[in-house]
Amino acid sequence: MHTCVSCGKSAAAALVDDDGALCHLCYNRHRRPRRLCGRCGQLKRIARNARDGQPDLCDGCYQGPEATCSICSRVRPCTSRDQQGQPICATCYQRHRTGEPCARCSQTKPVNTRWPIGPVCMTCYTAVLRSPAECPRCGTVQPLIARDEDGTGVCGPCVGFAADYTCKQCGRAGNPHGRGRCAHCVLAERVNALLAGPDGTVVPQLEPLAAAMGSLPSPFPAIQWIKESPNTRLLARLAAEGQTLSHELLDELPPSRNQRYIRQLLVHTGVLDERHEDLERIPGWLEHELADKPDAHANLARPFLHWFLLRRARQRAAIRHHPASADRDLRRRVSVALEFLAWMDQRGLALADLAQEHIDDWITGATSQRRYLIRYFLKWTTSRRLTRELTIPSIPSQEPQNLLDEDDRWPLLQRCLTDDALPTDVRAAGAITLLFGPSTERLCHLTPEHLKLGDKHAHLVLGRHPVLLPPRLAELLRHLAEQPQLRPQLSRAHPGPQWLFPGMVPGKPISTHGMTQKLGRHGIPVRTARNAALAALAADLPSPILADVTGMHRHTALRWVAYARRDWTEYLAARAEEQGRDGHE
């Protein structure tokens, strides 16, 4: 038996050289020669040598000899044997592995390795190797895999355990990845390959991105992202083409989640200048929408978007105090305009021939309120003297249809404030929605600057004036503001806000759709909860105060107060009538 210099396990040696002994597993992983696989054609470790007319097969292509599993009795590839030498398939081997109490976490799990501290499970093995620390005995930074007499963690060499977890390339201890190298060196290599241009070196324009990825505190998620994410394939293609990256170049690509992610990644790391993405990506979307449309429609849709919708949206964005996504509304207005032009073509109508009865036919033939959005297009065509003055009916006003019952709202709020099984961000976002009813857009864009934490009280700024927070909700928000981000964050080229509810895209908060889905998965219906909270506030507050506290428009606040007060008056009248009947009986 030898101590493997790679993993530290005591096992039979597959190779002993000047560097020390390697167990069979580490030899297969790191030192076994690589050849071309006869099935997939890639240069990989060969699991089965060519024989009997069969080619070399790599680890991925070779499934092992088929046999009847001694546990499940199915004929499957069986690479393992039990103590009696009977074949076991991979599924049954994992399911029936015996465990021992882990020396670090004390849980009974399958043993991954045996260190001087005792048997260690896979979770603790990974945690120790990825968090090296200074050994109190020798002062070197190493994974602390042993304990001193007083229980203090020490490195292996200090207790005579010869496992070496030092990277052979950079000399850094811990974070082993493969072939004697640490994950930091592997990440640097893969980043260079990902961002390589036609000459095989990192594109100079992408060097800020390469530096940001190379400086991540934990390299393993980045390695996994490069390996599996479809975003990296698009990024590698853009780098390999050798063109100068710009917003205009990305606009030429078909709109997709991958394109939006890569654009924000380049903006976040300073490769591209920041712009109002919700608005500026709409022209690119329109060009792809017009690909199969008649030229006459395109000649109307382009100026309608650029000179009417976008011009007004940019003016509003320049003075808006709170972020708001306008892209979906603008796309809907353009889409309705294109649908209307197609509807006119089917009836042989021209813009100059439009009459009021045609607009009435368009509206009455709708199955939803979507067609009322044609007012924006016709307002533009009238201002350009392309159509006569036409009247578009106002969208029928609707009162809130679904409100969360108070008997359900308060227990749900209590659950958000007290249930430790719920994620912290879900508890905080759910409690804010159930108490104050802010728009999901405003909720997602909350930052620590919106919290006013005092010695005795805490306040949250949703509108002009801060609102007092319950102590438990204040503690949840304080925890969100102070905790490190759960997923690694690339360093920003320019300082930006720290979001209380960060999203998957670098530098961006969670999307409104993502927040709604996340709360819904945990039993918090956002729309009905928000309606119930606003109705409760409107019943107690005058409309100016309601607008100042929640940040809604004063006209919206007036409608909510009118709705809540009327509903409350009807309730009181019905209650008085019921009590009157009870008194006469």
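Trainee: In this predicted model, why is Glu-241 called partly exposed?

Mentor: Glu-241 has a relative accessibility of 39%, and since buried means under 20% and exposed means over 50%, with partly exposed in between, Glu-241 counts as partly exposed.

Trainee: What makes the contact between Glu-241 and Arg-237 a salt bridge?

Mentor: The side chains of Glu-241 and Arg-237 meet at 3.3 Å, N to O, and a salt bridge asks for a side-chain nitrogen of Lys or Arg within 4 Å of a carboxyl oxygen of Asp or Glu, so the pair qualifies. Both residues lie in helix H7 (residues 230-241), 4 residues apart, about one turn of the helix.

Trainee: Why is it said that Glu-280 and Arg-314 tie together parts of the structure?

Mentor: Their side chains meet in a salt bridge of 3.0 Å, N to O. Because Glu-280 lies in helix H10 (residues 277-280) and Arg-314 in helix H12 (residues 295-319), the pair ties together parts that are 34 residues apart in sequence.

Trainee: Why is helix H17 called oblique to helix H19?

Mentor: The axes of H17 (residues 424-436) and H19 (residues 471-482) come within 9 Å and cross at roughly 135°. That angle makes H17 oblique to H19, because angles over 145 degrees count as roughly antiparallel and 65 to 115 as roughly perpendicular, while the rest, apart from those under 35, are oblique.

Trainee: Which kinds of residue make up the contact of H17 with H19?

Mentor: The residues of this contact, including Ala-428 and Ile-432 of H17 and Leu-476 of H19, divide into 9 nonpolar, 2 polar and 2 charged.

How values were computed: Residues are numbered from 1 along each chain as its sequence is written. This is a predicted model: local features need pLDDT of at least 70, side-chain atom pairs count only at pLDDT 80 or more; totals for chains, interfaces and linings use all residues. Side-chain values use heavy atoms; hydrogens and water are left out. Axes are lines fitted to C-alpha atoms, for helices over the stretch in contact, and angles run from 0 to 180 degrees between N-to-C directions. Helices (H or I, at least four residues) and strands (E, at least two) are DSSP runs, numbered from the N terminus. Contact means heavy atoms within 4.5 Å. Ala, Val, Leu, Ile, Met, Phe, Trp, Tyr, Cys and Pro count as nonpolar, Asp, Glu, Lys and Arg as charged, and the others, Gly among them, as polar. Buried means under 20% relative accessible area, exposed over 50%, partly exposed in between (1.4 Å probe, protein chains only).
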